[in-house]
Amino acid sequence: MDEDTPRQAIVDTVKRLQDEGFNHGNSGNVSCRIAGGMLITPTGANSANLTPSRLVRVEADGGAIGGIPSSEWHMHAAILDAYRAANAVIHTHADACVALACLRKPLPSFHYMVAAFGGADVRCARYATFGTVDLGTSAVEALKDRTACLLANHGMIAIGKTLEAAFQTTVKFETLARQYLMALQGGEPVLLPEEEMLRVGERYGNYGTGLLPG
Ligand SMILES: [Zn+2]
């Protein structure tokens with residue numbers, strides 16, 4: 001399988017995340033499924049030093065080829081293993097998502113667009129130490145029927161069929177998290193009821209992600 005295309009796509013995605021201000025220093029990491037495993041950003045990667053050849057190939061058995069993978073590779077591997085319709089995983093420490101994750105609050109149905117992530121809310125995964133297998137387990141639990149989740153006291157994850165889809169989900173998630181935090185400053189946001197979120201989900205083509213069970 002041609003690896004050049006996904007390698008370039010990951011490098012481009014890291015640069016876009018940096019341009020959006022979602023990556024601080026070396027905090028974010030990006031992966032993409034390939035035949036027999038995944039490609040992932042190396043440890044210490046940022047948009048200034050990343051090139052396609054620096055990406056690390058991690059085989060299905062966990063063996064790494066071409067460098068040291070991101071410390072969060074277990075989490076990426078667990079997600080790609082659990083959700084076969086997803087081919088791309090983005091993890092960032094984007095500000096508003098981190099702020100919400102530190103409150104250990106889900107993103108609730110304060111806005112109809114929350115339904116675009118697959119349901120009435122976007123969950124916050126239970127806390128686990130960064131870089132551990134347990135963090136991967138926690139993220140997989142929180143992503144059930146969703147295209148995104150928060151990681152308690154840590155950051156966010158978005159998944160998609162493609163890197164482009166995962167990137168768009170990242171932008172949407174960070175924007176809505178920021179808007180929710182703004183709304184909280186003005187009082188208690190009125191939440192949309194479950195049946196309205198279901199209706200909105202149907203309008204999204206349930207839910208436009210292709211990642212959710214029929
Ligand atoms: Zn992180």
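Helices here are DSSP runs of H or I with at least four residues, and strands are runs of E with at least two, both numbered from the N terminus. The structure shown in every view is a predicted model.

**View 1. Pro193 in the loop between α5 and α6.** In this predicted model, Pro193 has its place in the loop that lies between α5 and α6, the latter spanning residues 194-203. Pro193 is exposed, because 11 other C-beta atoms lie within 10 Å, and 12 or fewer is the cut-off for that class. Leu55 is 138 residues away from Pro193 along the chain, and the C-alpha atoms of the two are separated by 44 Å.

**View 2. The packing of helix α3 against helix α5.** Helix α3 (residues 95-102) and helix α5 (residues 163-186) have axes 7 Å apart and pack at an angle of about 60 degrees, and α3 and α5 are therefore oblique to each other. Their crossing is left-handed. On the α3 side the contact is made by Ala96, Cys97, Ala99 and Leu100, which meet Phe173, Glu174, Ala177, Arg178, Tyr180 and Leu181 of α5. Sorted by residue class, the contact of α3 with α5 comprises eight nonpolar and two charged residues, with no polar ones.

**View 3. The buried residues of α3 and what follows the helix.** Ala96, Cys97, Val98, Leu100 and Ala101 are the buried residues of α3, and the elements covering them include β6 (124-125), β7 (148-151) and β8 (155-160) as well as α5. After α3 comes Arg104, a residue of the loop between α3 and β6. The phi of Arg104 is positive, near 55 degrees, although the residue is not a glycine. Most residues other than glycine have a negative phi. With 13 C-beta neighbours inside 10 Å, Arg104 counts as partly exposed.

**View 4. The crossing of helices α2 and α4.** The axes of helix α2 (residues 73-82) and helix α4 (residues 133-142) come within 8 Å of each other and cross at roughly 40 degrees, and this crossing is right-handed. From α2, the residues His74, Met75, Ala78, Ile79 and Ala82 take part in the contact, and from α4 the residues Val133, Leu135, Gly136, Thr137, Ala139 and Val140. Eight residues of the contact of α2 with α4 are nonpolar and three are polar, while none is charged.

**View 5. Ala139 and the largest nonpolar core.** The largest nonpolar core has 59 residues, of which Cys97, Ala139, Cys149, Leu150, Met156 and Ile157 touch the most other members. Helix α5 gives the most to this core, contributing eight residues. When its neighbours within four places in sequence are left aside, Ala139 is in contact with Met75, Ala78, Ile79, Ala125, Cys149, Leu151 and Ile157.

**View 6. Two loops, one with Gly36 and one with Asn153.** Gly36 lies in the loop between β1 (29-34) and β2 (37-40), and with 11 C-beta neighbours inside 10 Å it counts as exposed. Not counting residues up to four places away in sequence, Gly36 touches Glu59 and Ala60. His74 is 38 residues from Gly36 in sequence, and the C-alpha to C-alpha distance between them is 16 Å. Asn153, in turn, belongs to the loop between β7 and β8, where its phi is near 55 degrees, a positive value in a residue other than glycine. Asn153 is partly exposed, with 14 other C-beta atoms within 10 Å.

Key. Residues numbered from 1 in each chain as written. Predicted model: local features only at pLDDT ≥ 70, side-chain atom pairs only at ≥ 80, totals over all residues. Axes fitted to C-alpha atoms, helices over the stretch in contact; angles between N-to-C directions. Parallel < 35°, antiparallel > 145°, perpendicular 65-115°, else oblique. Left-handed = near helix turned anticlockwise from the far one by under 90°. Contact = placed C-beta atoms within 7 Å. Nonpolar A, V, L, I, M, F, W, Y, C, P; charged D, E, K, R; others polar. Buried ≥ 20, exposed ≤ 12 C-beta atoms within 10 Å, placed from the backbone. Core = buried A, V, L, I, M, F, W, Y, C linked by C-beta atoms within 7 Å.
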